[in-house]
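Welcome, and thanks for taking a look at this one.

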Amino acid sequence: MTSTNVFGTVSNFLRSAKGAFRIGHQLPRTASFTAWNAIVSHNLQHAVTTVNDQAVLDLTEVRFSKPIHKTQQAWNAVVSAESGYKVTLRWELTPDAEKCTRMDDKVILACYDAETGKFTTYRKVACRSALSYTVDFISWYAGHDMYWYIFMVSDNGKLISETEYLGMATVRA
């Protein structure tokens with residue numbers, strides 16, 4: 001597979017997650033590239049392997065945020081599927097909070113639906129202090145494997161945490 005094909009594959013894979021990148025990717029003021037090119041390049045370097053001459057994405061290595069000015073990540077974040085087409089994400093408060101960590105930091109979630117091949121971004125759905133967020137799906141999603149990512153952003157948008165991969169949850173009836 002040529003490098004152009006791999007770049008195209010990664011670009012197409014990430015395209016529906018642009019909402020998460022726009023929030024989570026910070027560029028230096030003197031950057032000579034766009035945020036989109038930077039995030040595709042980062043994921044090409046860290047999330048792509050080649051198997052039998054085919055580009056394969058390692059979903060555990062996909063990143064949506066690349067902070068320059070950091071806040072702390074969600075602590076002990078987990079995802080679980082519940083009956084009634086619900087997926088709940090939970091996290092704890094950091095026991096050793098840094099000065100930059102605020103209870104009003106916003107939670108950003110990205111969810112990759114393996115069935116449709118598309119991402120959904122849940123922007124600023126809860127504050128760090130909420131400690132959980134439940135996504136209600138419709139019955140059409142029953143049986144879909146959903147891969148979840150989380151990062152935090154300060155209320156003013158200037159501080160961002162690294163992306164955390166939470167794992168896969170299958171939507172249940």
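Let's start at a turn: in the hairpin of β3 and β4, with three residues between the strands, Gly84 takes a positive phi near 85°. Strands and helices here are DSSP runs, numbered from the N terminus, with at least two residues (E) for a strand and at least four (H or I) for a helix. This is a predicted model, in which local features need pLDDT of at least 70 and side-chain atom pairs count only at pLDDT 80 or more, while totals for chains, interfaces and linings use all residues. Residues are numbered from 1 along each chain as its sequence is written, and side-chain values use heavy atoms, leaving out hydrogens and water.

- Strand β3 (residues 75–82) pairs with strand β4 (residues 86–92) in the antiparallel sense over six bridges; two strands pair if DSSP finds at least two bridges between them.
- Within that pairing, Val79 stands opposite Leu89 in β4.
- On to β7: five bridges link β4 with β7, again in the antiparallel sense.
- There, Leu89 stands opposite Tyr133 in β7.

- Strand β5 (residues 106–113) is mostly covered, as eight of its eight residues are buried; buried means under 20% relative accessible area, exposed means over 50%, and partly exposed is in between (1.4 Å probe, protein chains only).
- Lys106, Ile108, Ala110 and Tyr112 point one way from β5, while Val107, Leu109, Cys111 and Asp113 point the other way, and all are buried.
- Strand β8 (residues 145–153) runs antiparallel to β5, and eight bridges join the two.
- In β8, Met146 is the bridge partner of Asp113.
- β6 also runs antiparallel to β5, joined to it by five bridges.
- In β6, Thr120 is the bridge partner of Cys111.
- The hairpin of β5 and β6 has four residues between the strands, and Gly117 takes a positive phi near 75° there.

**A closer look at Leu109**

- Why does Leu109 count as buried? Its relative accessible area is 0%.
- Leu109 lies in strand β5 and stands opposite Tyr122 in β6.
- Leaving aside residues up to four places away in sequence, Leu109 touches Leu89, Thr120, Thr121, Tyr122, Val125, Tyr133, Trp148, Tyr149 and Ile150; contact means heavy atoms within 4.5 Å.
- Leu109 and Ala20 are 89 residues apart in sequence, yet 7.8 Å apart in space, C-alpha to C-alpha.

**Cysteines**

- How many disulfides are there? The count comes to zero, where a disulfide is a pair of cysteine sulfur atoms within 2.5 Å.
- Cys111 is buried, with a relative accessible area of 1%.
- Cys127 counts as partly exposed, because its relative accessibility is 25%.

- Leu93, Met103 and Leu131 make a nonpolar surface patch of about 230 Å².
- Patches are made of residues with over 30% relative accessible area and no salt bridge, joining like charges within 9 Å and nonpolar side chains (Val, Leu, Ile, Met, Phe, Trp, Tyr) within 5 Å.
- A salt bridge is a side-chain nitrogen of Lys or Arg within 4 Å of a carboxyl oxygen of Asp or Glu.
- Leu131 lies in the loop between β6 (118–122) and β7 (132–136).
- Leu131 is partly exposed, because its relative accessible area is 33%.

Key
Areas by Shrake-Rupley, 256 points an atom, 1.4 Å probe, with all protein chains shown as cover.
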